[in-house]
Amino acid sequence: MAEYGESAVAGMAIIGQLIPVAFGVIFALSGTIGPIIGQNYGAGRIDRVQQSVRDGLIFTALVIIATSTILIIVRGPVITLFNADGITAELIILFCGPLALAWFFNGVIFVSNAAFNNLGRPFISTWINWGRHTLGTIPFVILGGMWFGPKGVLIGQAVGGVVFAIIALVMLRRVFAACTADDTREKTKPFQRHTRLMQIFNNRR
């Protein structure tokens, strides 16, 4: 963003201050939904795990719609508050508009990562996070800046989030399928654990 001058950097700095205020609920969601998923997974209720993730995504969508609506309404006062003009004001208008809605896909990544961590697949969430902030940011930002200037930097970030949100959902479906298969095998062998315990105690004797 610095390549486009001080006004562009100022716009990015203002947006950086708005993000934690506007989307704090989405950041908190990733920490609160994890224990719910883990508890239901520990109880062997894969159906409830899936329902928790669905509810988390629905909640994310509702919060993003409400937050984006508020940002669109207050973007004029925000511009006035920061005495923004030129490209600074244009970046604020872009963020407090269509790009705010794109934060839904970041929420998808947060919820998916919470699910991966609590379903025993932490490496998937690690790779999703690493990919989102490298492959899902750098090339998109560079190309966006080349095509659309400073606005393209923000657009590139948003597009990268969409791509990795889709990847996260695909991986999450596979994890759910694997967990369902494991759960089915456990139910078809209800006394497997007891048999194993008997074998262990007999060997100890």
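**Stop 1: the main core**

Select Phe23, Leu71, Ile92, Phe95 and Leu154. These residues have the most contacts inside the largest nonpolar core, which has 29 residues. Such a core is a set of buried Ala, Val, Leu, Ile, Met, Phe, Trp, Tyr and Cys residues joined through side-chain atoms within 4.5 Å. Buried means under 20% relative accessible area, exposed means over 50%, and partly exposed lies in between (1.4 Å probe, protein chains only).

The model is predicted: local features need pLDDT of at least 70, side-chain atom pairs count only at pLDDT 80 or more, and totals for chains, interfaces and linings use all residues. Residues are numbered from 1 along each chain as its sequence is written, and side-chain values use heavy atoms, with hydrogens and water left out.

Now colour by element. Helices α1 (6-22), α3 (46-81), α4 (86-101), α5 and α8 (150-188) each give two or more residues to this core. Helices are DSSP runs of H or I with at least four residues, strands are E runs with at least two, and numbering starts from the N terminus. Helix α4 supplies the largest share of the core, 8 residues.

Centre on Leu154. Leaving out residues up to four places away in sequence, Leu154 touches Met1, Met12, Ile15, Leu91, Leu94 and Leu99. Contact means heavy atoms within 4.5 Å.

Next, pick Ile33, Leu119, Ile124 and Val175. They belong to a second, separate core of 23 residues. In soluble globular proteins, nonpolar side chains tend to be buried together.

**Stop 2: the whole chain**

Zoom out. The protein chain has 9 helices and 0 strands. Along the sequence the pattern reads α-α-α-α-α-α-α-α-α. Of its 205 residues, 39% count as buried. Among contacts with a separation of 6 or more, 74% join residues 24 or more positions apart.

**Stop 3: α2 against α5**

Show helix α2 (residues 24-42) and helix α5 (residues 103-118). Their axes lie 8 Å apart and pack at an angle of about 30°. Axes here are lines fitted to C-alpha atoms, for helices over the stretch in contact, and angles run from 0 to 180 degrees between N-to-C directions. The crossing is right-handed.

On α2, the contact residues include Ile26, Phe27, Ile33 and Tyr41. On α5, they include Trp103, Phe110, Val111 and Asn118. By class, the contact has 12 nonpolar, 5 polar and no charged residues. Ala, Val, Leu, Ile, Met, Phe, Trp, Tyr, Cys and Pro count as nonpolar, Asp, Glu, Lys and Arg as charged, and the others, Gly among them, as polar.

Stay on α5 and select Asn106, which sits in this helix. At 12% relative accessibility, Asn106 is buried. Beyond its neighbours within four places in sequence, Asn106 is in contact with Arg132 and Gly161.

**Stop 4: the rings**

Show the aromatic side chains. The structure holds 6 aromatic pairs. Rings of Phe, Tyr and Trp (its six-membered ring) pair if their centres lie within 6.5 Å; planes under 30 degrees apart count as stacked, over 60 as edge-to-face and the rest as tilted.

Pick Phe27 and Trp103. This pair is edge-to-face, at 5.6 Å centre to centre and 75° between the planes. Phe27 lies in α2 and Trp103 in α5, so the pair ties together parts 76 residues apart in sequence. Phe27 is partly exposed at 37% relative accessible area, while Trp103 is buried at 12%.

Move to Trp127 and Trp130. Their ring centres are 5.7 Å apart and their planes at 80°, so this pair is edge-to-face. They are 3 residues apart in helix α6 (residues 122-133), about one helical turn. Trp127 is exposed at 57%; Trp130 is partly exposed at 47%.

**Stop 5: two loop residues**

Select Gly120, in the loop between α5 and α6. Gly120 is exposed, at 58% relative accessibility.

Finish at Asn83, in the loop between α3 and α4. Its phi is near 50°, a positive value in a residue other than glycine. Most residues other than glycine have a negative phi. Asn83 is exposed, at 69% relative accessibility.

Conventions: A crossing is left-handed if the near helix is turned anticlockwise from the far one by less than a right angle, and right-handed if clockwise.
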